[in-house]
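Subject: A structure for you to look at

Hi,

Here is the structure I promised to pass on. Have a look at it first, then read my notes below.

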Amino acid sequence: MPGNALLLLSRLLLAALFVPSGFHALTDIAGTAGYFAGLGLPLPTLVAWATGLFELIAGLLILIGLKTPIVALLLAAFCIAAGFIGHYGQGDGDPTLTFMHSQMLMKDIALSGGFLALAMTGAGAWSIDGRSFSIGADAT
């Protein structure tokens, strides 16, 4: 598969997690704030709004390939922070919950690796950053 097609697929798959997550957070601020309050974060409603907006906007920017290296670096840092804040040491002694949270932490770490790779390579030609939309363009 050509490189630009793989970069597009990568952006689509990564955005598929963040766009709906940000949208859901913003349409259920009370639930999102409740989750953050349960983690002991200060100003949970403000954190819920900031997180939801960040996930939605950053996800859309990755999707269309705009300012990809910067946004991908921000999302890599966000994934690491979210993983450790939201999942490290969670589970309250329940083996199933502990396992689930450890898997979610590793998912966040792996996502950060994908975002770092995307930051290094850029969005590819099939993006706003690449500005190559013409039909029949020789973009691989």
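The protein has 5 helices and 0 strands, so from the N terminus on the elements simply run α-α-α-α-α. Both kinds of element are DSSP runs numbered from the N terminus: helices are H or I with at least four residues, strands are E with at least two.

Before you go further, a word on what this is. It is a predicted model, where local features need pLDDT of at least 70 and side-chain atom pairs count only at pLDDT 80 or more, while totals for chains, interfaces and linings use all residues. Residues are numbered from 1 along each chain as its sequence is written, and side-chain values use heavy atoms, with hydrogens and water left out.

**Overall picture**

The C-alpha trace spans about 55 × 30 × 20 Å along its principal axes. Of the 140 residues, 35% count as buried; buried means under 20% relative accessible area, exposed over 50%, and partly exposed in between (1.4 Å probe, protein chains only). If you take the contacts (heavy atoms within 4.5 Å) with a separation of 6 or more, residues 24 or more positions apart account for 66% of them.

**The cores**

A nonpolar core is a set of buried Ala, Val, Leu, Ile, Met, Phe, Trp, Tyr and Cys residues joined through side-chain atoms within 4.5 Å. The largest one has 15 residues, and L14, F18, I62, A72, L75, F115 and L118 touch the most other members. Two or more residues come from each of α1, α3, α4 and α5, and α4 gives the most, with 6.

**The rings**

How many aromatic pairs does the structure hold? There are 5. Rings of Phe, Tyr and Trp (its six-membered ring) pair if their centres lie within 6.5 Å; planes under 30 degrees apart count as stacked, over 60 as edge-to-face and the rest as tilted. F18 and F78 make an edge-to-face pair, 6.3 Å centre to centre with 65° between the planes. F18 sits in helix α1 and F78 in helix α4, so this pair ties together parts that are 60 residues apart in sequence. Both F18 and F78 are buried. Y35 and F36 form a tilted pair, at 5.7 Å and 55°. Y35 counts as partly exposed because its relative accessibility is 40%, whereas F36 is buried at 11%. Ring pairs also link F18, F54, F78 and F115 into a cluster.

**The pocket**

The largest pocket has a volume of about 620 Å³. On a 1 Å grid over the protein atoms alone, a pocket is an open set of points where a 1.4 Å probe fits, with protein on both sides within 12 Å along at least five of seven lines; lining residues have an atom within 4 Å of a point. Grid points are joined across faces, edges and corners, and the volume is the space filled by probe spheres set on the points.

The lining has 24 residues, with F36, T51, E55, F78 and A82 nearest the centre. α1 (3–27), α2 (29–38), α3 (44–64), α4 (68–86) and α5 (95–121) each supply at least two, and α4 gives the most, with 6.

Enjoy exploring!
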